[in-house]
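Please read this briefing alongside the sequence and the 3D view. It covers the fold as a whole, then the spaces inside it.

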Amino acid sequence: MLQTHYPIAYNVGLVVLAYLIGSIPFAVVVTRLMGMQDPRTYGSGNPGATNVLRSGNKTAAALTLLGDAAKGWFAVWLVQRIGSPVGVTWNVIALSAVAVFLGHLYPVFLKFQGGKGVATALGVLFAVSPWLALATVATWIIIAVFFRYSSLAALVAAVFAPVYYLFGSNLAWYAEPPLVVAITVISVLLILRHRANISRLLNGTESRIGQKKKN
């Protein structure tokens with residue numbers, strides 16, 4: 001059902017739609033609706049859940065996390081839902097997965113200055129397989145609990161996500177080659193977005209989870 005080629009304009013439209021969904025800046029939307037300071041003006045300046053948490057408002061951070069993850073899941077699910085009747089290919093689904101992630105990293109609604117994509121990447125993984133997402137979340141939690149560094153947990157989880165997908169193909173699903181590439185690309189991009197965090201981790205100056213970061 002997902003193997004028939006369809007007009008390129010239709011496929012491009014699905015990928016663009018995924019990008020636009022990914023561009024929705026939930027950190028800014030949530031904080032604005034709750035009458036809070038724009039997360040781009042404090043801490044790391046990153047419009048993401050971790051930086052919103054530095055405001056001290058856990059509810060806002062949780063809503064941001066949920067929204068960013070939901071848009072990653074929704075975009076991939078929607079492309080499959082819309083594309084299924086016309087036989088959208090796995091290539092298009094994989095491109096849409098990368099597109100929604102890029103939308104969060106470089107959102108058109110924020111002049112292409114977005115977040116680091118951890119929650120959105122998780123949402124994409126959940127759309128691919130809930131078990132894959134749970135395994136990745138478990139990895140994040142283990143590292144976060146032991147080391148209390150959100151960035152380190154994200155980096156380790158990013159490294160293991162493609163491995164889990166390939167390993168799980170022998171147990172729970174068939175690993176589609178385009179999705180292998182998409183998950184790997186997302187992991188590499190996520191790691192690249194954490195370059196500054198990697199530097200601070202090596203220097204011992206990275207903020208721990210729950211610690212307010214100075215401007």
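**Contacts, fold and spaces**

Of the contacts in the chain between residues at least 6 apart in sequence, 67% join residues at least 24 apart. The model is predicted. Its chain has 10 helices and 0 strands.

**Overall form**

- The order of elements along the sequence is α-α-α-α-α-α-α-α-α-α.
- A compact globule of 215 residues would have a radius of gyration near 17 Å, and the chain agrees because its value is 17 Å.
- The C-alpha trace spans about 55 × 35 × 25 Å along its principal axes.

**Burial and surface**

- Of the 215 residues in the chain, 47% are buried.
- The chain exposes about 11000 Å², and 69% of this comes from carbon and sulfur atoms.

**The largest pocket**

- The volume of the largest pocket is about 1000 Å³.
- Its lining has 48 residues, and those closest to the pocket centre are T50, L65, V118, W140 and S150.
- Elements that each supply at least two lining residues include α3 (49-53), α6 (118-128) and α7 (130-147).
- By class, the pocket lining holds 24 nonpolar, 17 polar and 7 charged residues.

**The cavity**

- The structure has 1 cavity of 30 Å³ or more.
- Two or more residues of the lining of the largest cavity come from each of α2 (26-33) and α4 (58-83).
- Residues lining the largest cavity include P25, F26, D68, K71 and H104.
- The lining of the largest cavity is made up of 6 nonpolar, 3 polar and 2 charged residues.

Terms used:
Residues numbered from 1 in each chain as written. Predicted model: local features only at pLDDT ≥ 70, side-chain atom pairs only at ≥ 80, totals over all residues. Heavy atoms only, no water. 1 Å grid on protein atoms, 1.4 Å probe; cavity = no way out; pocket = protein on both sides within 12 Å on 5 of 7 lines; lining within 4 Å. Points joined across faces, edges and corners; volume = space filled by probe spheres on them. Helix = DSSP H or I, 4+ residues; strand = E, 2+ residues; numbered from the N terminus. Nonpolar A, V, L, I, M, F, W, Y, C, P; charged D, E, K, R; others polar. Rg over C-alpha atoms; globule rule 2.2 N^0.38 Å. Buried < 20%, exposed > 50% of the residue type's maximum accessible area, 1.4 Å probe, protein only. Contact = heavy atoms within 4.5 Å. Areas by Shrake-Rupley, 256 points an atom, 1.4 Å probe, with all protein chains shown as cover.
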